[in-house]
Structure formats: C-alpha cells, structure tokens
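Biologist: I would like a close look at a single part of this protein. Please keep the explanation plain.

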Amino acid sequence: MSKRDVFEYALVRVVPRMERGECFNAGVIVYCRAKSFVAARTHLDEAKLLALDPAADVAGVRAALGAVRGVCGGGEAAGQAAGDDAGRRFRWLIAPRSTVVQPGPVHTGLTLDPEAEVERLLDLLVR
C-alpha cells in the first residue's frame, strides 16, 4: 500500500454583497506539507454571481481568483509572496479577509496525490 500524506484545503468563496452574507464556492486551495505542494483551481459561475448581484464586477472577481492561482504557483505571479515556501503561501491565502473573494475554513484529509486531490475537490465542491 502506498503512503498517504496529510493535506489541508480551503474553499474559495465569492461574496458578491457582504451586507447580505450570500456566497458560493468558486475554487479550492490544497496544501500538502510532505510534498511541498500548494495549488488552487477555480471555476466562476457567472450566472450565479450575477443572480446574487446584477451589478457585480465579473472581471474583478476573475482577476481576484487569478491572483489566488498566481500566489499558489509562486514566482513573479505571486507578488510579495514570490519568495515564500508553499506553506507560507497557503497560510497567506487562507487568512480571513473582508473582500468579495474570501477563503473558507480549513479542512484536512489524506491523499496519495495532492494534484489529483485539487481536481477531485473542485469537481465535488465547486462545479
């Protein structure tokens, strides 16, 4: 039997109008310390966004989701987090914030393949 590693994940939520408290899942961030792995996948349901807020800034939400993916990837796309290790980038992304794109609570699990876990969770919890 192959060794399974502990991983952590958080959903990425879109809260179009914070005063109403309505939100929906638009992505997932997965971190596996044993593999020095962090990645995010996103899927924006524009119809859902516009149903909750017809005046929503769709391009702005897409840009914020792209920034989450960029921080996970490291390098220039990570901005100030470019030199940080995978764990620090994950912790930065899951820090609470009061913006339209927010992280949800952190959950844990076991996986053989963190990359496959990102896709599995996106399909299960977002799409």
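Biologist: Is Glu117 buried or exposed, and what is its relative accessible area?

Modeller: This is a predicted model. Glu117 is buried because its relative accessible area is 8%, and the cut-off for buried is under 20%. Glu117 belongs to helix α4, which covers residues 114-125. Its side chain takes part in a polar contact of 2.8 Å with the side chain of Thr111. The side chain of Arg120 also joins that of Glu117, through a polar contact of 2.6 Å. If residues up to four places away in sequence are left out, Glu117 is in contact with Phe7, Leu110 and Thr111.

Leu110 is one of these contacts, and it lies in strand β4, residues 101-111. Leu110 counts as partly exposed, because its relative accessibility is 44%. Apart from neighbours within four places in sequence, Leu110 touches Arg4, Asp5, Val6, Phe7 and Glu117. Asp53, by contrast, is 57 residues from Leu110 in sequence and 37 Å from it in space, C-alpha to C-alpha.

Leu44 has contacts with Val14, Phe24, Leu49, Val58, Val61, Arg62 and Leu65, not counting residues up to four places away in sequence.

Note on methods:
Residues are numbered from 1 along each chain as its sequence is written. This is a predicted model: local features need pLDDT of at least 70, side-chain atom pairs count only at pLDDT 80 or more; totals for chains, interfaces and linings use all residues. Side-chain values use heavy atoms; hydrogens and water are left out. Helices (H or I, at least four residues) and strands (E, at least two) are DSSP runs, numbered from the N terminus. Buried means under 20% relative accessible area, exposed over 50%, partly exposed in between (1.4 Å probe, protein chains only). Contact means heavy atoms within 4.5 Å. A polar contact is a pair of N or O atoms within 3.5 Å; within protein, one must be able to donate a hydrogen and the other to accept it, and residues adjacent in sequence count only if both atoms are side-chain atoms.
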